[in-house]
Amino acid sequence: MNINETELRKKLNLVIEKLLNLGGPENEKELEETGGEAIGFFRRDFGIREWDWPQGVGLYGLLKIMQYEKNDTYKEFLHDWFVENMEQGLPSRNINTTTPLLTLCELNEYYHDPKFEELCLDWADWLMTCIPRTKEGGFQHVTSANGDRQGVRLNENEMWIDTLFMTVLFLNKMGQKYQNAEWINEGIHQVLMHIKYLYDKKTGLFYHGWTFKGNHNFGGIFWCRGNSWFTLGILDYIDMFKGTLNPAVKTIILDCYKAQVAALKKLQSKSGLWHTVLTDPDSYEEVSGSAAITAGILKGIRYGILDDSYLECAERAIRGILKNIDKDGTVLNVSGGTGMGMNAEHYKNILIAPMAYGQSLTILALAEALLHI
C-alpha cells in the first residue's frame, strides 16, 4: 500500500487522543430543538463517558489498537471507565448497552477483577434467558429509551444488522472464553438468522433491518454503516473461534462476506468513501461506515480471504479517510445514531457530528492500513 507511514501514524495518534477526550456537540440545544430524534440526535450518544453503543465501539477501538501495537497504553483509561460507570450505576440492559462488555471481557484478562467477571457472566446469561426474541428466536433489537437511561425501546419483532456487532460478538467471546457451547451455538444461530433475513441475494448487500410484522425489510435501504457492521464484525467473529467453527457454517458466512465486499467495491465513490445510502450517489459520503468497511476489507486481504485486487480499493478509501481527519483529530462527516427508516430520505437527513464510533472505526482502519505498508 503506497501511503505515507509518517502521516498515517500522526493522524492515528490524533484520532486516538480526540477519542479519549471526546465531548458533546457545541450546537446540542439547536440539534434537539430543530430535529431531535428524527435526525439522529440522542444526547446519550455523544462523548465517551456514557454507557451505550457509541462509547462501547469507541472502547473497542482502544482495546484493538493496544492489541495491534502489543502494548497496554490505554489499559488504565479503560479500567477507570468501567469502574466509574459501574459505581455510577448502569443503564437498562438491551442490545446496544451490551456493546461495552465486548471490551470488558477482554480487558479483564489483564485485571481478573471478580466484579468485572460477574457482570460479564450475568449479562451473558441475561442474553440467553431474558432478552426479548423475535419469531424464530432472533435477538429483538431492543435499544435504550430516548432520554431515559433505565427505559427501553422494544422494536418488537424487529432484527437489525447492528445486533451482530453490538451483542453477538460479546456472546461469542464469552462462549469461547468459558467454553460454553450453549452460548457459542446461540451466537451461530443469531448470525445465520441475520443473514437469512437481512442479506439481499441480488446485490450481495445487507438491509438495515427486518420485521416479522408484515415480513419486510422496512424501506429496503442498503445503509453504509449498517453494512459495515457485517464487513468488519464478521471477521472478528470468525477470529474468535481460532479454527473451530464448523467448516460449512464458516463457508456460508465467508461467501456472504465476499459477495458483500465485491458489491461494495463497485459502489465506492471517486473520493474512496461510500455514500450513507450505498446505492444513492446523491446521499452524503459517510466516514464511520467507510472506515469500518475499509478495516474489514484490509483484514480480509491480510487473512487471504480476499485477493490483492482489493488493495487499490482499500488504499483509495484510506486516502479518503485521512482527508476527513481534522487538525485536532476529529473525524469529520460521521452520521449520528440512525434508527430504522422507511425511505432513503430518512438516512440522508441524519445529522453529521463527531461521534466516538467515528473515531474508533477510523482507528481500526488506520491500524489495519499500517499492517499493509
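Biologist: In which helix of this predicted model is asparagine 85 found?
Modeller: Asparagine 85 lies in helix α4, residues 75-88.

Biologist: Why is asparagine 85 called buried?
Modeller: Its relative accessible area is 4%. Buried means under 20%, so asparagine 85 is called buried.

Biologist: What does asparagine 85 touch, not counting residues up to four places away in sequence?
Modeller: Asparagine 85 touches Arg49, Glu50, Trp51 and Leu90. Each counts as a contact because heavy atoms come within 4.5 Å.

Biologist: How do you know that the span of helix α11 is close to the expected one?
Modeller: Helix α11, residues 287-302, has 16 residues and reaches 22 Å from its first C-alpha to its last. At 1.5 Å a residue, 22 Å is expected, because the expected span is 1.5 Å times one less than the number of residues.

Biologist: What makes α11 mostly covered?
Modeller: In α11, 15 of the 16 residues are buried.

Biologist: Which glycine follows α11, and what is its phi?
Modeller: Glycine 304 follows α11, and its phi is positive, near 80°.

Biologist: Which residues have the most contacts inside the largest nonpolar core?
Modeller: That core has 120 residues, and those with the most contacts inside it are Phe170, Phe230, Tyr237, Ile253, Trp274, Ile297 and Ile318. Helix α14, residues 356-370, gives the most to this core, with 10 residues.

Biologist: What does isoleucine 318 touch, not counting residues up to four places away in sequence?
Modeller: Isoleucine 318 touches Met1, Ile3, Leu8, Thr294, Leu298, Ala365, Leu366 and Ala369.

Methods
Residues are numbered from 1 along each chain as its sequence is written. This is a predicted model: local features need pLDDT of at least 70, side-chain atom pairs count only at pLDDT 80 or more; totals for chains, interfaces and linings use all residues. Side-chain values use heavy atoms; hydrogens and water are left out. A nonpolar core is a set of buried Ala, Val, Leu, Ile, Met, Phe, Trp, Tyr and Cys residues joined through side-chain atoms within 4.5 Å. Buried means under 20% relative accessible area, exposed over 50%, partly exposed in between (1.4 Å probe, protein chains only). Helices (H or I, at least four residues) and strands (E, at least two) are DSSP runs, numbered from the N terminus.
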